[in-house]
Amino acid sequence: MLESLEKLLILQDRDHHLRRVREELAQLEPEREALRQRLQSAQAALEQVRQRLRQLENERRQLELEVASKQQLIDRYTHQQMQTRKNEEYQALSLEIERLKAAIRQIEDRELDLMEQAELGQKEMATVQDTLRHTENWVREQQTLLQQREQNLRLEYQKLSAERHQLANDLEPSLRQRYERLLKSRGGNVVVGIAHGVCGGCHMRLPPQVVVDCRSDQEIVTCPNCGRILYYKREMDMEVVD
Ligand SMILES: [Zn+2]
């Protein structure tokens, strides 16, 4: 194979490699974001339980106040009962006191219910806190791994870039220009093989003369259809020019 063609193939290999590393690097930020979200949702779950417990506690305090104010009324009515001499008023106060006591019993039932809910909430909070701790540890580990991966990728990228720079400089300038132009317009696959008389880039059948030129390995040959640089290896196929 032509030496320049071999150089081009090595350059292309480094470029493919560089592209893979770039893609992997670009993938790091979405992964980081996913970790952040995972942590946030674990924190949000804890906050939700906390808030529910606060609500339960507020509601319970509210009920306690209601009980206290009803108890005050009962005390006042009891006092009034002792003052009055009218039987009618006494009866009315008794009725009112009974009504208040019934209301207090209802409130106390509700309080018990709230306390049970709070107890369940506390248990749930312990579970959620545990989950959050695990998530935090896991996320930290993943972040460290990501950081290591990023460091390795950046090192690899530097190494490949330097190699690439060297390889590109070694090429004859016009060939290099041709390669770089094709790389821009065609993306990754610029130096392609011929298999069964077909261009490995655009997959169009090549004129027999192009195949012959390529096989004779005297100069750089390009695909008349897509402009990619062609190379031929015997093992690709044996019946190309038949
Ligand atoms: Zn082609």
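**Notes on the cores, the pocket and the zinc site**

1. Start with the largest nonpolar core, which has 18 residues. The ones with the most contacts inside it are L46, V49, L53, I74, Y77 and M125. Two helices are involved here: α1 (3-83) and α2 (87-170) each supply at least two residues of this core. Keep in mind as you look around that this is a predicted model.

2. Setting aside neighbours within four places in sequence, V49 is in contact with G121, E124, M125 and V128.

3. There's another core too, lying apart from the largest one. This other core has 16 residues, including L175, Y179, V191 and Y231.

4. Next, the largest pocket, which holds about 160 Å³ of space. Its lining is made up of D15, H16, L18, R19, R22, Y157, S161, R164, L183, G187 and G188. Both α1 and α2 give two or more residues to that lining, and α1 has the largest share, with five.

5. Now for the metal. The zinc ion has four cysteine SG atoms as its protein donors, from C199, C202, C223 and C226, and they lie 2.3 Å from it. Along the chain these donors follow the spacing C-x2-C-x20-C-x2-C. The angles among the four donor atoms run from 106 to 113 degrees, and the site is tetrahedral. For reference, the ideal angle for four tetrahedral donors is 109.5 degrees.

6. Are C199 and C202 buried or partly exposed? C199 is buried, because its relative accessible area is 1% and the cut-off for buried is under 20%. C202, at 21%, counts as partly exposed.

Terms used
Residues numbered from 1 in each chain as written. Predicted model: local features only at pLDDT ≥ 70, side-chain atom pairs only at ≥ 80, totals over all residues. Heavy atoms only, no water. Donors = N, O, S within 2.8 Å, 3.2 Å for Na, K, Ca; no water. Tetrahedral: all angles 85-135°; square planar, octahedral: opposite > 155°, others 65-115°. Buried < 20%, exposed > 50% of the residue type's maximum accessible area, 1.4 Å probe, protein only. Core = buried A, V, L, I, M, F, W, Y, C linked by side-chain atoms within 4.5 Å. Helix = DSSP H or I, 4+ residues; strand = E, 2+ residues; numbered from the N terminus. Contact = heavy atoms within 4.5 Å. 1 Å grid on protein atoms, 1.4 Å probe; cavity = no way out; pocket = protein on both sides within 12 Å on 5 of 7 lines; lining within 4 Å. Points joined across faces, edges and corners; volume = space filled by probe spheres on them.
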